[in-house]
Structures are given as structure tokens and as C-alpha cells.
Amino acid sequence: MSAPGKFLACSRRTPAALLALILCSVMHGSFCAAENISFRADSMSGTTSGKESHAVLSGNAYIATESMEIRADTIELSGKDFRYVQASGNVSGSSSADKTSFTCTTLSYDRKTNIAVLQDSVHLTDSANDATADAELMEYNQKKKTVIMQIAVSIRQKENTCTGAYALYHQDTKLLFLSGNPQVKQKGDTFRGQEITLNLETQEVAIDGRVRGSVTRREDE
């Protein structure tokens, strides 16, 4: 077991088994017992001091837990049992539980609460509901299966294009709540209001406050 404060480093030439042994040593063994995790990178360094530990995976960094896969230029693990994950540079990943994948510039992930915060040029794909979303900031809660989106929100699903400054998406109920000058376009129809709710399954739209819109007449109607 590593002594407190000891620095550990290795390169891609280090055998995978030795890498695992080093990382488990840095984590005092408890992390490996708590949750299965796999990882790889071009290089790795780490320190340990008391109950707090820190490890950095650099270059083509990758980690996979039981519920999340994350790839990035750099991934940092910190906190007790390496609870906190910080990824930066060309971040991408997926959640196996709900068929969700994402890309962004930076990501923070709490392995205990299963909450991920994605920032800068965030793109999320929900394959289960045939939906994609873009925003500058998203908070993705794996346990509650909700996604909070802020700043330049744009969501596309089937024939719907939704925009606004804020959105709350419930993956289980397939309900999307929009606010902040929200707008929903369905085929040639446009709906606006202070708040808009869209059911992604039934395509039903509910609008509250200063309702506005336009409907295009179709030749088959």
C-alpha cells in the first residue's frame, strides 16, 4: 500500500495489470470493492494522502463504471474512493442504462449521486426516444432520468424542433418542459408562449402565458 502523499506515475508502456494494481493501491482498495471500473490512458499519475486521493489519466483517457463510460483528453479522479470525476478536452461518453450518449468540452460526474454536469457545446442523444439536444450547460441525473438544459437550448425529436433558454426533460414520462422565450415547431406549425410542455410520445403540446402561434394549411386537410 502506498504511503500517504506518495506520487505514482506510469506510461502507456506499463502493463495493464500493473496499472490496475497501482490505481487500487492509491485508492486504498475500497474503490475497487465498491464498484467495478476499467480504465486506460497514455499515461497516469496519482497521489494519496489520508482518506483523500487524486489520480490523473492523460492522453486518450477512458473510464467505464457500471453505469457510465467517459472518454476525454484528460480525466481526473478525486475524493474518497475517487467519488468525483472531472473530464476535459474532447469529452464523449454514454449511459448504458438509458441509451443516452453525449459530447461536450468539460464534464464533472459524481459517482455517488450519479449526476453529471456537462458544459460548453453540449450535444446529447437519447436513442430510446429518438431525440437529440444541444445546449451550453446540462445536468444529467441518471437516477431520476432527468436532464436540465440551459442557454441556447435546441431539441429535435421526430418532426419537432424546440428552442428556449431553459428546458427540463423527463426521459421516463417523455415530457419536455420549456421556458425562456420557448418555441415549438411541428411540421409547418409554430407555437410560442411563456411556458410550453411537449409530450414526445403523443406529440401533444400545452402552452401557458401569452400564447401565440401559426398553423400552416396542408393540401391533404
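Visitor: Is Asn199 buried or exposed?

Guide: Buried means under 20% relative accessible area. In this predicted model, Asn199 has 18% relative accessibility, so Asn199 counts as buried.

Visitor: Where is Asn199 placed, and what does the side chain of Asn199 reach?

Guide: Asn199 belongs to strand β15, which covers residues 195–199. The side chain of Asn199 comes to 3.0 Å from the backbone nitrogen of Thr202.

Visitor: Which residues is Asn199 in contact with, apart from neighbours within four places in sequence?

Guide: Contact means heavy atoms within 4.5 Å. With those neighbours set aside, Asn199 touches Lys174, Leu175 and Glu204.

Visitor: Now to another residue. Is Ile63 buried or exposed?

Guide: The relative accessible area of Ile63 is 2%, so Ile63 is buried. Ile63 sits in strand β4, residues 52–64.

Visitor: Which residues is Ile63 in contact with, once neighbours within four places in sequence are left aside?

Guide: The contacts of Ile63 are Ser38, Phe39, Leu57, Met68, Glu69, Ile70, Ile75, Leu77 and Val85.

Visitor: What are the totals for the protein as a whole?

Guide: The protein has two helices and 17 strands, and 40% of its 221 residues count as buried. Among contacts with a separation of 6 or more, 34% join residues 24 or more positions apart.

Methods: Residues numbered from 1 in each chain as written. Predicted model: local features only at pLDDT ≥ 70, side-chain atom pairs only at ≥ 80, totals over all residues. Heavy atoms only, no water. Helix = DSSP H or I, 4+ residues; strand = E, 2+ residues; numbered from the N terminus. Buried < 20%, exposed > 50% of the residue type's maximum accessible area, 1.4 Å probe, protein only. Polar contact = N/O pair within 3.5 Å; in protein donor to acceptor, adjacent residues only side chain to side chain.
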